[in-house]
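Welcome to this short tour.

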Amino acid sequence: MPDRTRATNERIVAELEHAAPLTRRELATRLALPVTTVTSAVERLLLDGTLREHTDEPGRTPGRGRPPRHLALAARQLVAVVVVGHRTLEAAVVTLDGVIETRAVRPFDPRAADDVVGPGVALLRQALDGSGLDPEEIGGAVLALPRPYRAGAGSPWPARSTIRDPAAPPPAWLATDPAPALADALGVPAVAENDANLAALGEVARGAATGLDDVVYVDLVPGFGAGVVAGGALVHGRLGFAGELGHVQVDEHGPLCVCGNRGCLIRVATVQHVIEQLRPTYPASLTFEDVVGLAEAEDPDVHRVLADLGRTLAPILATVCLVLDPQAIVVDGALGAGSRAVVAGIRERIERALPRRVFEELRLVPGTLADQAELVGAAALASSTRLLRAPRRGGADESAAVAGSVPA
Ligand SMILES: [Zn+2]
């Protein structure tokens, strides 16, 4: 969405927050904008469920021309988000503008699980308990998956689990699209999306790349991957593999990867690998949280290892820059000061691998949303795809519910 359009939408919503109801003409006067600009913005905001309009006017004498149509904000709608991590399951409820209302996390091994929806919904109920939120306000749901994902098909991953008996069938949630089951369980429209793609949307909607249309988001935790936004839309590719940069082959004779390829970069570009590199000189109990803390304390050895990680990733990101010519590369902010060290390593190496002009105009920054990027992105996805069921209260007609599909 162009900056000006976004700014107009935000001004209209802000005005209606304290002065509703207003007509289109009243809005235009208050905002000092042309009526045509306000009218077209209002049509978009009505369509995506942000606004509602009504013509009822108590005491008005019928038959005196067309009654004015008053605009107000639609009832607040909430988005339920289930994030399937590599070692955790998270459930949260967020507002359409990305504010996290409640959140719960528990350990979870997706490779050993037959189902992600049932446990996700149970955790969501747990998060809602005692939160004071009204479940009726949940208008849609988003499922974040730690795998490439294609709507309608699920994950194009090999039919194998690394933990189970190799002869056993793969976890069902890997082989089919789990979004319809989530929609059935919650009674609201639902979509699924790859986690790095959601984080990319989050940083574009409300983070380090706000307002940009061509952005590469680099995931660092737990391993290297990317989400690509081109021309304002997520890029999925044919199978959902677009941006799976952790599976770039760096050793053709290397160990077999979970993706079926050999010698994938993800074997050496993970936080776990960083921890292992530090272990000889740090306590054996060193954890991810310790690394983040040491990076925050400007520990030179931790910064060096993280900058080296950035240098390892840089040549691949340089190639990506020449394929996509993005405005920005946003690096996962979940490592705090450590993310800045990774960015420094990328910058140093990528400068030597790119045409000068491309490097000079590239915005290379850490993300600002840290571990909230996926949740904020889920809200942005729900909002931009008109995922949400029309509000049950607040005057809108429920029969007008729209469950838009996710754009390719
Ligand atoms: Zn791989």
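Two strands count as paired if DSSP finds at least two bridges between them. The strands themselves (E, at least two residues) and the helices (H or I, at least four) are DSSP runs, numbered from the N terminus.

Before the first stop, please note that this is a predicted model, in which local features need pLDDT of at least 70 and side-chain atom pairs count only at pLDDT 80 or more, while totals for chains, interfaces and linings use all residues. Residues are numbered from 1 along each chain as its sequence is written.

**The whole chain**

Start with everything shown. The protein chain holds 13 helices and 12 strands. Of its 408 residues, 42% count as buried, where buried means 20 or more other C-beta atoms within 10 Å of a residue's own, exposed means 12 or fewer, partly exposed lies in between, and C-beta atoms are placed from the backbone.

**Stop one: a sheet with Y217**

Select residues 215–219 and 225–230. These are strands β8 and β9, which run antiparallel and are joined by 5 bridges. Which residue of β9 is the bridge partner of Y217? Pick G227, and you have found that partner.

Now widen the view: five strands make up this open sheet, in the order β10-β9-β8-β11-β12, with mixed pairing. At its edges are β10 (233–234) and β12 (363–366), each pairing on one side only.

Select 138–145 to see β6, which pairs with β7 in the parallel sense over 5 bridges. Within that pairing, V142 has V191 as its bridge partner.

Now click on V83, in strand β3. Is V83 buried or exposed? V83 is buried, because 26 other C-beta atoms lie within 10 Å. Leaving aside neighbours within four places in sequence, its contacts (C-beta atoms, placed from the backbone, within 7 Å) are E90, A144, D195 and E374.

**Stop three: helix α3**

Finally, select 35–47. Helix α3 has 13 residues and reaches 18 Å from its first C-alpha to its last, close to the 18 Å expected at 1.5 Å a residue; the expected span is 1.5 Å times one less than the number of residues.

Colour V38, A41, V42 and L45, the buried residues of α3. Viewed down the helix axis, they fall within an arc of 105°, so they line one face; the arc is that of the directions from the axis to the C-beta atoms. The face turned away from them carries exposed T36, E43 and L47. Covering the buried residues are, among others, α1 (3–19), α2 (24–31), β1 (51–54) and β2 (70–73).

Technical notes. Contact = placed C-beta atoms within 7 Å.
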